[in-house]
Amino acid sequence: MYRYDEVDHRIVRERVEQFRDQTQRFLAGQLSEDEFRPLRLMNGLYVQRHAPMLRVAIPYGHLASRQLRKLAHIARTYDKNYAHFTTRQNIQFNWPELARVPDILAELAEVEMHAIQTSGNCVRNTTTDAFAGVAQDELLDPRAYCEIIRQWSTLHPEFAFLPRKFKIAVSGSVEDRAATQVHDIGLHVVRNEAGEVGFKVIVGGGLGRTPIVGEVVKEFLPTRHLLTYLDAVLRVYNRFGRRDNKYKARIKILVKAMTVEGFAAKVEDEWLHLKDGPSTLRDVDVAHYASFFTDPDYEQLSANPPEFSSKLAEEPAFARWVERNTRPHKQAGYRSVVLSLKKTGVPPGDITAEQMDAAADWADRFGYGELRVAHEQNLILPDVRERDLYEVWQLAKSQGFATPNIGLLTDIICCPGGDFCSLANARSIPVAEAIQTRFEDLDYLFDLGDIDCNFSGCMNACGHHHIGNIGILGVDKNGEEWYQITLGGSQGSHTTIGKVIGPSFAQADVPLAFEKIMTVYLEQRAAGERFIETVRRIGLDPFKERVYAKHH
C-alpha cells in the first residue's frame with residue numbers, strides 16, 4: 001500500500017497544527033460557530049445529536065495492521081472503546097471531546113492517516129472494490145489510479161469549495177463491486193476493440209433526495225488522460241453547478257438539466273484546453289504509484305489442500321462460513337476472508353477496540369499486514385492461505401466476527417440513524433437488530449439466499465437504501481418514526497433504483513413486513529432464482545399487492 005513521502009508527512013502535520021490553533025480559538029470564544037463550522041468540516045468533524053463525530057479517511061478502503069491498531073488505541077483512549085465503518089470505506093468516532101480532536105489527528109498522522117476532506121463541499125474519499133488486487137475477474141488493479149486521484153484531489157485549490165460534496169468510485173473488475181453508477185463520477189475499467197485498457201466514465205449518479213443512476217459521458221478514456229479529463233468534469237460542474245439551493249447543487253442535477261449529451265459536450269470543450277497538458281499521466285508516473293501495490297511474496301500452493309478439504313467435509317458450520325464469508329483469490333491456495341460486522345445485537349458496521357487489535361494481529365499472522373474496509377461495512381483479510389482458514393474461523397468466532405451471513409438478509413448496510421445523527425428522521429439501529437433477530441435461523445437465512453438489505457435513517461441515504469434489493473428509509477410522521485420500504489433496487493454492473501411498495505410501517509411492524517415479503521418470495525420463486533430475480537420476473541406491483549394482502 002502507499003507510503004507517505006516527506007511532503008505528505010509535512011502537509012498532514014501542518015494541517016494538524018493549523019486545526020489545533022483553530023480549535024483553541026473557537027473554545028476561547030475568538031471564533032464564532034459560523035466561522036468554525038467550515039474549518040471543522042474540512043477536517044472531518046461534525047456536531048452530532050449527543051457529541052462531536054470525527055470521520056477519519058481510509059483511502060480506497062486500505063488499512064495496514066499498524067493503522068488499525070492506532071484506530072483501536074484512539075477508540076480506547078479518546079472514545080467509548082468502539083468505532084463505526086461507513087459506506088465510504090471510512091471510520092467514524094462518535095464520542096470524542098472537541099478539545100482533544102487535534103490530539104487524535106496528531107496520533108493519526110503518526111501512522112499516515114488523517115481526516116482531511118472527509119466532509120465539506122470538496123472531493124471526498126475515493127472508493128474502490130474491497131477485493132482490488134486479489135480479485136479473479138480484475139482487468140486492471142485500480143489502486144494506483146485511486147492513489148493518483150487522492151493526491152490530485154487533496155487540498156486542490158480549485159475544487160476546495162464546490163457547489164456540493166463530490167464522490168468518485170473506481171472499479172477495475174468485470175463485476176462492478178464499487179457502486180460506480182451511483183457516484184458523482186464512476187470510473188469502470190474496460191478494454192476497447194484494440195485490447196487497450198482504459199476507463200468508461202460515468203457521471204451524474206447519486207442517491208439522496210433524488211436518486212439517479214449515472215450516465216456514460218465517455219465510453220473509453222485512455223488511462224493517461226485520467227486527470228485532465230477529471231479536471232474538465234470538475235471545472236464544468238464548478239462553473240455551472242447551482243449554489244442557490246443545496247438540494248439541487250449536486251452534479252446529477254446539473255447533468256439532468258443540461259442533458260448528458262449537453263454536459264458531455266461542455267466537458268469536451270473544457271478538455272480541449274487540458275488534454276495532453278502537464279497533468280497527463282506518463283508511464284513513469286503510473287509505474288511509480290503502481291510500485292506501492294505490487295503482490296506480496298505469495299507461496300506457491302495448490303488449491304484445496306487436504307487439511308482444508310477434510311475440515312470442510314467434517315464440519316458443516318465451517319463449510320457454511322467458507323461459502324458465505326470467503327472469496328476466491330487470484331492466487332491458488334489463498335482466499336479472502338470477510339469478517340462480518342453484522343452479528344445480531346451489534347449495530348451494523350460497529351467494531352470494538354479489542355476486535356480491531358485482534359484483526360490487526362490476524363492480518364500479520366495469516367497475511368501480509370494488510371486489511372480492507374468494504375463499503376458494505378465489513379472488514380476483509382485479503383490474503384489468507386486455505387490451510388489457515390479453519391484456525392482463522394475459530395479465532396473469528398471468539399471475537400464475534402464469524403456470523404456466516406455475508407450477502408444474506410442480515411448483512412444489513414445501515415447508517416447510525418437517529419441514535420447519533422442530528423439529521424436523521426428515525427432510528428435505524430434497533431430496527432436493524434429486530435430484523436436480524438427475526439431472521440436469525442441460519443437454515444432459513446441460507447434458504448432465502450442472496451438478498452441485499454440497505455437502511456437509511458433519512459433522505460441523505462448514507463445507508464444506500466435506494467440500491468438495496470430491500471431498502472428501508474426512516475421517515476418522520478408528525479413527530480413519530482415510521483419506515484418506508486422499497487423493493488427492486490440493486491447495485492453492480494446493472495444498478496437499479498428501488499421503488500416504494502406502499503404506505504410506511506410503524507417500527508414494531510417492520511420485521512413482520514419483512515416476514516411477509518419473504519413469504520411471498522418463497523411462494524413465487526422459481527428453481528434457483530434469487531430474490532431480486534423473482535421481484536423482477538413477477539413485477540413490483542403484483543409482488544407488493546401480495547405483500548400488503550398478507551400483511552393486512
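The expected span of a helix is 1.5 Å times one less than its number of residues. Keep that in mind for helix H12, residues 353-366: with 14 residues, H12 reaches 20 Å from its first C-alpha to its last, close to the 20 Å expected. When I say helix or strand, I mean DSSP runs, H or I with at least four residues for helices and E with at least two for strands, numbered from the N terminus.

Some housekeeping. Residues count from 1 along each chain as its sequence is written, and this is a predicted model, where local features need pLDDT of at least 70 and side-chain atom pairs count only at pLDDT 80 or more, while totals for chains, interfaces and linings use all residues. Side-chain values use heavy atoms, with hydrogens and water left out.

Back to H12. Its buried residues include Met356, Trp362 and Phe366. Buried here is under 20% relative accessible area, exposed is over 50%, and partly exposed is in between, with a 1.4 Å probe and protein chains only.

Now, helix H17, residues 531-538. Which residues of H17 are buried? They're Phe531, Ile532, Thr534, Val535 and Ile538. Looking down the axis of H17, those buried residues fall within an arc of 160 degrees, so they line one face of the helix. That arc is taken from the directions from the helix axis to the C-beta atoms.

On to some glutamines in loops. Gln117 sits in the loop between helix H4 (101-110) and strand S6 (127-128). Gln117 isn't a glycine, yet its phi is positive, about 60 degrees, and at 5% relative accessibility it counts as buried.

Gln377 is in the loop between strand S14 (370-373) and strand S15 (379-385). Its phi is positive too, near 70 degrees, and Gln377 is buried at 1% relative accessible area.

Then there's Gln48, in the loop between strand S1 (45-47) and strand S2 (52-56). Gln48 is buried as well, at 14%. What does Gln48 contact, leaving aside neighbours within four places in sequence? Met53, Phe420, Cys421 and Ser422, where contact means heavy atoms within 4.5 Å.

Leu155, in the loop between helix H5 (143-153) and strand S7 (168-171), is partly exposed at 35% relative accessible area. Together with Val7 and Ile11, Leu155 forms a nonpolar surface patch of about 220 Å² accessible area. Accessible areas come from the Shrake-Rupley method with a 1.4 Å probe, and for residues only the protein chains shown count as cover. Patch residues have over 30% relative accessible area and no salt bridge; like charges are joined within 9 Å, nonpolar side chains (Val, Leu, Ile, Met, Phe, Trp, Tyr) within 5 Å. A salt bridge is a Lys or Arg side-chain nitrogen within 4 Å of an Asp or Glu carboxyl oxygen.
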